[in-house]
Amino acid sequence: MQPRTPLVLCVLLSQVLLLTSAEDLDCTPGFQQKVLRINQPAEFIEDQSILNLTFSDCKGNDKLRYEVSSPHFKVNSDGSLVALRNITAVGRTLFVHARTPHAEDMAELVIVGGKDVQSSFQDIFKFARTSPVPRQKRSIVVSPILIPENQRQPFPRDVGKVVDSDRPEGSRFRLTGKGVDQEPKGIFRINENTGSVSVTRTLDREVMATYQLFVETTDVNGKTLEGPVPLEIIVIDQNDNRPTFREGPYVGHVMEGSPTGTTVMRMTAFDADDPATDNALLRYNIRQQTPDKPSPNMFYIDPEKGDIVTVVSPALLDRETLENPKYELIIEAQDMAGLDVGLTGTATATIVIDDKNDHSPKFTKKEFQATVEEGAVGVIVNLTVEDKDDPTTGAWRAAYTIINGNPGQSFEIHTNPQTNEGMLSVVKPLDYEISAFHTLLIKVENEDPLVPDISYGPSSTATVHITVRDVNEGPVFSPDPMMVTKRENISVGSVLLTANATDPDSLQHQTIRYSVYKDPAGWLNINPINGTVDTTAVLDRESPFVHNSVYTALFLAIDSGNPPATGTGTLLITLEDVNDNAPFIHPTVAEVCDDAKNLSVVILEASDKDLHPNTDPFKFEIHKPTVPDRVWKISKINNTHALVSLLQNLNKANYNLPIMVTDSGKPPMTNITDLRVQVCSCKNSKVDCNAAGALHVGLASILLLSLLSLACL
């Protein structure tokens, strides 16, 4: 067996046959020349032939179609390349794709002296020229296969062929990688005998743009003889995606009166096609403007950037004169650099003409009239203004100020947020007798400042004439409240004070009568003519009607008007304390065990309704005339408390112990209260306080009863 020469695998372009030896067929499908050179002219002239391309599918070229990578060129049916319009710079490389039902191929046109205008097709697809690649020892070099996306039936279809001129007899080709034996599986396959590579279904570049496969030769047992060699499948982009606007809604704002050329907003569309080709090269256009007044062309869009700018003069961009301050534009994005063959997508852009404060508010009239009754408060008149600016902005909202005629701050003005009117109010009651007329000067401004060339004029001020109407006012007590201090328990009929009420209606001559309105304890009387207040009962500081030593009563003063008016006055009587309440103790019941080791019975607390110094310190004593000695004891703890204790244990019974307590008043007051002490049986943790017999009294009482019994015999 002769020595093997190195294995060479060569993947040719779609439907390109193997470069075989002389005994191969004379016709090889594809372009006769795969790489051609064009000298860059000063300008490519429209419809002028640049060069001729020769393509054959070896079956008559039926239904032959050409596609050029640049939208500015085309290939005629006779193979002549022409420009579609006069053009200077087109880049460094053009690609021409030819296709019939039987074969397809790609030719590269190198423009000598051309300049880059975008990334070249070769850079993106790593397109390998068909010139021979020098072999390295034991290495395999292949060129990528280019397959247009969206091919139609029939499938499978051959797209290339792997060739090994020195392949041993019986060896086989094997293809692996994503798209073959890895997901997505089954897209490509190889004829293990001939090396023909085929695609089994339509490809979508937007799903996967390239496939990295590997080719190797194996023996009959599957053992690798040569390889694996990387084989790249490149999906050629077709213009099958329309531009879309993803970021809507699109709303822009521009200030009225803006200079021509003011940028409003930017529209940006997306095209899923290859960004390195004209399939995704977008151009923008305004298809429709609504409304179309005052000009059908209020705005312009930069075809490349998508920036929308104003194109009318600032005078036409006047919000107050526009039919509608909001415009809707139908924006179209077209790929293929805007050529007619390009796909389109549309979106709506809303442009709002924003208001600026170029109109000052003006009162609807120079003078306003108002009438108010004296003593009343509240809104008395609404001041109306006009403003042409946008009602939703601070350029329209009014702010009112009283600039003259309000020294006593009796008036205030506020803005009605719904109507923008100025609501003038009386906040301090007016007095007809002081002034029957008032004149106010009021100005109005906007919340937002005016633009520099606009100012507030005479129409931004107005005069308000206010007439005060006289009403019959009730008499007024002076002072109010009336205050007096008296000792409690003063004699009935004592005069406390004389009430004084005057009629504020000084221009009228009316008489005043007095009466009691509220006297909770019924202690007082008032003379209806002169207002003298005296007592009808004893004043008691400890009464529940007295709070913090103060008794409150109300009186009425009624004038002789028609109808009569009434005024109310308050009398506060501060009552000074007198020692008229004896102290008292609590508790008044206590329990103690008959066998208690601790002979303390109870702690007593003394209280007194009077005030200091008629209260504590209190003096505690046992009222001895009825109590035996050496049984009970009372000890002072502090000024208000004392301890009652036993000197010895007592039998189970109920005992009454008279406690005498005396306050510190001058003269002092004394009270004697019986303290009921229950001596209980306390055994086995059980307390029994039921009395064993009648009430147990002192020994002296028993002896006295015995003597009386003897005297009666």
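This is a predicted model: local features need pLDDT of at least 70, side-chain atom pairs count only at pLDDT 80 or more; totals for chains, interfaces and linings use all residues.
Strands are DSSP runs of at least two residues, numbered from the N terminus.

Asn 489 lies in the loop between strand E34 and strand E35 (495–498). Its phi is positive, about 70°, although Asn 489 is not a glycine. Is Asn 489 buried or partly exposed? Asn 489 has a relative accessible area of 33%, so it counts as partly exposed.

Asn 548 also has a positive phi, near 55°, and is a residue other than glycine. Asn 548 sits in the loop between strand E39 (532–535) and strand E40 (550–559). Asn 548 is exposed, because its relative accessible area is 77% and the cut-off for exposed is over 50%.

Most residues other than glycine have a negative phi, and most peptide bonds are trans. Two peptide bonds here are cis. One runs from Glu 183 to Pro 184, with omega near 0°. Pro 184 lies in the loop between strand E12 and strand E13 (188–190). Another joins Ser 478 and Pro 479, with omega about -5°. Pro 479 is in the loop between strand E33 (476–477) and strand E34 (482–487).

Gly 338 belongs to the loop between strand E22 (326–334) and strand E23 (344–354). Its relative accessibility is 28%, so Gly 338 is partly exposed. Which residues does Gly 338 touch, leaving aside those up to four places away in sequence? They are Leu 281 and Arg 283. Gly 338 and Leu 281 are 57 residues apart in sequence, yet 8.0 Å apart in space, C-alpha to C-alpha.

## An open sheet

Four strands form an open sheet in the order E10-E16-E15-E12, with mixed pairing. Strand E10 (145–148) and strand E12 (172–177) are at the edges. Each has a single partner strand, so one side of each has no neighbour in the sheet. From one strand to the next, the twist averages 30°. Strand E10 and strand E16 (residues 224–236) run parallel and are joined by four bridges. Pro 148 stands opposite Ile 236 in E16.

## The nonpolar cores

In soluble globular proteins, nonpolar side chains tend to be buried together. The largest nonpolar core of this model has 27 residues. Val 601, Phe 620, Trp 632, Val 644, Leu 657, Ile 659 and Leu 675 touch the most other members. Several strands each supply at least two residues of this core, including strand E44 (600–607), strand E48 (653–662) and strand E49 (670–683). Which strand gives the most to this core? Strand E48 does, with five residues.

Strand E48 is mostly covered, with nine of its 10 residues buried. Strand E45 pairs with strand E48 over four bridges, in the antiparallel sense. Here Glu 621 has Met 660 in E48 as its bridge partner. Strand E48 and strand E49 also run antiparallel, joined by 10 bridges. Val 661 stands opposite Asn 671 in E49.

## Aromatic rings

A search of the whole structure finds 11 aromatic pairs.

| Pair | Centre to centre | Angle between planes |
|---|---|---|
| Phe 31 and Phe 55 | 5.3 Å | 65° |
| Phe 363 and Phe 368 | 6.1 Å | 65° |

The pair of Phe 31 and Phe 55 links distant parts of the chain, 24 residues apart. Phe 31 is in strand E1 (residues 30–31), and Phe 55 is in strand E4 (residues 55–56). Phe 31 and Phe 55 are both buried. Phe 363 and Phe 368 are buried too. The planes of Phe 363 and Phe 368 are at 65°, so the pair is edge-to-face; the cut-off is over 60 degrees.

Elsewhere, Phe 245, Tyr 250 and Tyr 284 form one aromatic cluster. Charges also sit over rings. The charged end of Arg 157 is over the ring of Phe 155, 5.7 Å from its centre. The charged end of Arg 246 is over the ring of Phe 270, 3.6 Å from its centre.

Key:
Residues are numbered from 1 along each chain as its sequence is written. Side-chain values use heavy atoms; hydrogens and water are left out. Rings of Phe, Tyr and Trp (its six-membered ring) pair if their centres lie within 6.5 Å; planes under 30 degrees apart count as stacked, over 60 as edge-to-face and the rest as tilted. Buried means under 20% relative accessible area, exposed over 50%, partly exposed in between (1.4 Å probe, protein chains only). A charge sits over a ring if NZ of Lys or CZ of Arg is within 6 Å of the ring centre and within 35 degrees of the ring normal. Contact means heavy atoms within 4.5 Å. Two strands pair if DSSP finds at least two bridges between them. Axes are lines fitted to C-alpha atoms, for helices over the stretch in contact, and angles run from 0 to 180 degrees between N-to-C directions. A nonpolar core is a set of buried Ala, Val, Leu, Ile, Met, Phe, Trp, Tyr and Cys residues joined through side-chain atoms within 4.5 Å.
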